Amino acid sequence: DDRFIITLSDIRKERTLQSALGRNPGTDEAIVDALIERYLVDEEISEFREIAVEDDAVTERLRALRVPPGVSTEDLREALVGEFRRSQFMMERFQQFIRVSDEELQKYYNEVYAPEVKNRGGRLPPLEEVVDAIRQNRVAEKMNEEVDSWLAELRRRSVIEKIPN
């Protein structure tokens, strides 16, 4: 029996945590979807291995936050540790396999980067000057596509029931 139940208090707590982290948590439905995906990812992580999170990184991020009333520092710390773990897992799971060809870089430069620079009225640098930034951007985009596809597959393999209010 692998049940995960999200209550209204879970939604309220998540809304408060996301706000404390400086994010717009969105609608209750968006929060429920995010909690479901987080649970599915955490289940996948637990099947592979434990991912160590640097306490210094969590502490540094925690120091940069203003803890609002009603939110415990421990809840925020736990949320940050989870974020760091999931981020590290995604990087290890997907990023190592993502490659960007020279043709893709040239196409992105011509079709996306150059028109954006021209629309802003800026000077268009040659591709060689911005190739690293474009490569990083394309890797991030491709990784997001891979993660989205993987999450959709996780959802398809799961039984998710939403009980109306």
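Asp 33 is partly exposed in this predicted model, with a relative accessible area of 26%. Its side chain meets that of Arg 155 in a salt bridge, at 3.5 Å from N to O. This pair links distant parts of the chain, with Asp 33 in helix α2 (residues 28–48) and Arg 155 in helix α6 (residues 127–156), 122 residues apart. Arg 155 is partly exposed too, at a relative accessible area of 23%.

**Other salt bridges**
- The count of salt bridges comes to 15.
- Arg 77 forms one with Asp 55, where the closest N and O atoms are 3.1 Å apart.
- Arg 77 lies in helix α4 (residues 73–94) and Asp 55 in helix α3 (residues 55–63), so this bridge ties together parts 22 residues apart in sequence.
- Lys 142 and Glu 104 also meet through their side chains in a salt bridge, at 2.8 Å from N to O.
- Lys 142 sits in helix α6 and Glu 104 in helix α5 (residues 102–119), 38 residues apart.
- Lys 142 counts as buried at 17% relative accessibility, whereas Glu 104 is partly exposed at 25%.
- Shared partners join Glu 104, Arg 138, Glu 141 and Lys 142 into one salt-bridge network.

**Overall build**
- The protein has six helices and zero strands.
- Its radius of gyration is 20 Å, well over the 15 Å that the globule rule gives for 165 residues, so the protein is more spread out than a compact globule.
- The C-alpha trace spans about 55 × 40 × 35 Å along its principal axes.

**Surface and charge**
- Buried residues make up 31% of the 165 residues.
- Carbon and sulfur atoms hold 48% of the accessible surface of about 11500 Å².
- There are 26 positive and 36 negative side chains, and the centres of the two sets lie 3 Å apart.

Notes
Residues numbered from 1 in each chain as written. Predicted model: local features only at pLDDT ≥ 70, side-chain atom pairs only at ≥ 80, totals over all residues. Heavy atoms only, no water. Helix = DSSP H or I, 4+ residues; strand = E, 2+ residues; numbered from the N terminus. Rg over C-alpha atoms; globule rule 2.2 N^0.38 Å. Buried < 20%, exposed > 50% of the residue type's maximum accessible area, 1.4 Å probe, protein only. Areas by Shrake-Rupley, 256 points an atom, 1.4 Å probe, with all protein chains shown as cover. Lys, Arg positive; Asp, Glu negative; His and termini not counted. Charge placed at Lys NZ, Arg CZ, Asp CG, Glu CD. Salt bridge = Lys/Arg side-chain N within 4 Å of Asp/Glu carboxyl O.
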